[in-house]
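Good morning, and thank you for coming.

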Amino acid sequence: MREDVGTRGDLEWGSVGRLVRSAAERYGSREAVVEGRTRLTYAELGERVERAAAACMAAGVEPGDRVAVWAPNTLDWIVSALGAVTAGAALVPLNTRFKGAEAAYVLARSRAKVLFVTGTFLGTSYVAMLRRAAAEGAGSSGPLPGLPHLEQVVVLAEDAPDDFRAWKDFLAEGESVGAADVRSRADGVDSSQPSDIIYTSGTTGRPKGAVITHAQTLRCYDIWSELAGLREGDRYLIVNPFFHTFGYKAGIIACLTRGATMVPQPVFDVGAVLANIAAERISVLPGPPTLHQQLLDHPARAAHDLSALRLVVTGAAVVPLRLVERLRTELGIETVLTAYGLSEASGIVTMCRRGDAAEVIASTSGRAIPGTEVRVLASPGGPGEIQVRGFNVMGGYFEDEAGTAAAMTPDGWLRTGDVGVLDPSGNLRITDRIKDMFIVGGFNAYPAEIEQVLGLHPGVAEVAVVGVPDPRLGEVGKAYVVPRPGSTVTSDELIAWARRELANYKVPREVEWVGELPRNASGKVMKGELRSPTPPLP
């Protein structure tokens, strides 16, 4: 299905850096970012981003270089990321739930030149994690021996180790670069250049970088803002992590296009969400269904004034009809929408429209966004692989021709790896996942990646991981493990080991020890049987 209305072919801004400048000019005195007692106007945000861009230029960042950010949702994330992109770099966001080895792999694969990293977050030193992971690498002249391309590590804190840079010191070095030079650099960024590379795992278990351009980013999230009804003066609580397109692009970029106020929240805590909505008169709250379910069910909900809320956009999992109805009736939210996307398609493929019936919003992910096509390779009305084609689809994976060829058809259709059904009106319903991916509280978890890590444990002979239902997170991982002869490892010990090696959302919550895994005639593990309530295991 294709819809060709309601979109502009060429956006006036051309690049993310010019969008930031335009927002500073159009919405100058309007509040842009609220973080605790810090309140920045759009004009002040524009100045900070220019300072960060100048510092990147002083550090030797050239157009096309990759700059990574490994930090939670904060003002510093916004400024450092937008500064890097304004200087012409392609942004590489790193998942804050990564362990050191996972982050080091993406840094090495992308050949990132500069890394902005948080200090200590949730009691964990990200710098220490990265040092340990990079310690075994080959020598280099950079700050981390295993990452020879990484020239600078900037700690988003007051202080930093001797071989790293503190944020304030990094910014100070940019004072040698004038504002005219920064604007000249930003003006020289073409809309067809990469604005970011989002690393996402696939069936091989190794993350691949989806390359998205400035034009794709700007056009997609102008459309998202239009369909959602985001408007100037909205106050947007951004709980979705910035390392994900839902947080960065449907959050930061969308707010810049419309002049909405960003209120970043680093950690999802429903009590803090309630407090922020009331204190900051939040009107926009996108997030996975689990966020909204917990909000509705919180015992202290009635003690908070949530009357400013008017827009909710959700997705990434099945959305119960009852949830949509409760958001509308109990909270009086006028607009509740669902959407579907993936990194390879700029984070957005389909979206419901304002005015859609509650049944459509709850049972489908809406229709193709304007200017794109979605098809299901199946008999009419039946399930099949979902494919998408249009301006939102990536040019390819970063330096991965084989991976790109596997993901794209010769005539430009992206194979999403998901299974769904299209109704006569073009609404898409997701029914299964070819790639076996499951979603933990809004985060994609890939069994192949988890299986590779669990298979390294000396007590594990074979392992298969599937997603199973969870009342709080939607789905969690369950591992079926064949132990090595003589192994005495317990389920708790294996889970504890996995927590040291994997981001928390990837760690299986349950381990079942089996004599063998069910396989078909070709030797492939039959995960459908593992997902059933009573799998036929020996």
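K249 has a relative accessibility of 0%, so this lysine counts as buried, the cut-off being under 20%. Please keep in mind that we are looking at a predicted model. K249 sits in helix 9, which covers residues 245-258. What does the side chain of K249 make a polar contact with? The partner is the side chain of D196, at 2.8 Å. Leaving out residues up to four places away in sequence, K249 touches S195, D196, I212, T217, Y221 and A254.

One of those residues, A254, deserves a moment of its own. A254 also belongs to helix 9. Its relative accessible area is 0%, and therefore A254 is buried. Beyond its neighbours within four places in sequence, A254 is in contact with Y221, W224, S225, L230 and K249. For L230, the separation along the chain is 24 residues, while the C-alpha atoms of A254 and L230 are 8.0 Å apart.

Let us now turn to a histidine. H214 is placed in helix 8, which runs over residues 214-228. Is H214 buried or exposed? H214 counts as buried, because its relative accessibility is 0%. A polar atom of the H214 side chain lies 3.0 Å from the backbone nitrogen of V16. The residues touched by H214, again without those up to four places away in sequence, include G14, S15, V16 and V85.

G14 is in the segment before helix 1, the helix of residues 16-26. With a relative accessibility of 14%, G14 counts as buried, since buried means under 20%. Apart from residues up to four places away in sequence, G14 touches S191, H214 and L218. How far is the C-alpha atom of G14 from that of T74, 60 residues apart along the chain? The two C-alpha atoms are separated by 26 Å.

V16 also leads us to helix 3. L82 is located in helix 3, residues 75-86. At 0% relative accessibility, L82 is another residue that counts as buried. The contacts of L82, other than with residues up to four places away in sequence, are with V16, V20, V49, Y248, I252 and L256. L82 and I252 are 170 residues apart along the chain, yet their C-alpha atoms are separated by 9.5 Å.

As background, an α-helix has 3.6 residues a turn, so residues three or four places apart point the same way.

The next topic is the backbone angle phi. Most residues other than glycine have a negative phi. Just after helix 4, R111 takes a positive phi of about 55 degrees. R281 has a positive phi near 50 degrees, and R281 lies in the loop between helix 10 (270-280) and helix 11 (289-297). Its relative accessibility is 39%, so R281 counts as partly exposed. S346 has a positive phi near 60 degrees. This serine is found in the loop between strand 15 (335-340) and strand 16 (350-351). S346 is buried, because its relative accessible area is 0%.

Finally, let us step back to the whole chain. The protein chain contains 17 helices and 27 strands. Its radius of gyration is 23 Å, close to the 24 Å that the globule rule gives for 538 residues, so the chain is as compact as a globular protein of that length. Along the principal axes, the C-alpha atoms fill a box of roughly 70 × 60 × 55 Å. Buried residues account for 59% of the 538 residues. Of the contacts between residues at least 6 apart in sequence, 67% join residues at least 24 apart.

Two further values describe the surface and the charges. The protein chain exposes about 20,900 Å², and carbon and sulfur atoms supply 50% of that area. The protein chain carries 55 positive and 63 negative side chains, and the centres of the two sets lie 2 Å apart.

Thank you for your attention.

Key
Residues numbered from 1 in each chain as written. Predicted model: local features only at pLDDT ≥ 70, side-chain atom pairs only at ≥ 80, totals over all residues. Heavy atoms only, no water. Helix = DSSP H or I, 4+ residues; strand = E, 2+ residues; numbered from the N terminus. Buried < 20%, exposed > 50% of the residue type's maximum accessible area, 1.4 Å probe, protein only. Polar contact = N/O pair within 3.5 Å; in protein donor to acceptor, adjacent residues only side chain to side chain. Contact = heavy atoms within 4.5 Å. Rg over C-alpha atoms; globule rule 2.2 N^0.38 Å. Areas by Shrake-Rupley, 256 points an atom, 1.4 Å probe, with all protein chains shown as cover. Lys, Arg positive; Asp, Glu negative; His and termini not counted. Charge placed at Lys NZ, Arg CZ, Asp CG, Glu CD.
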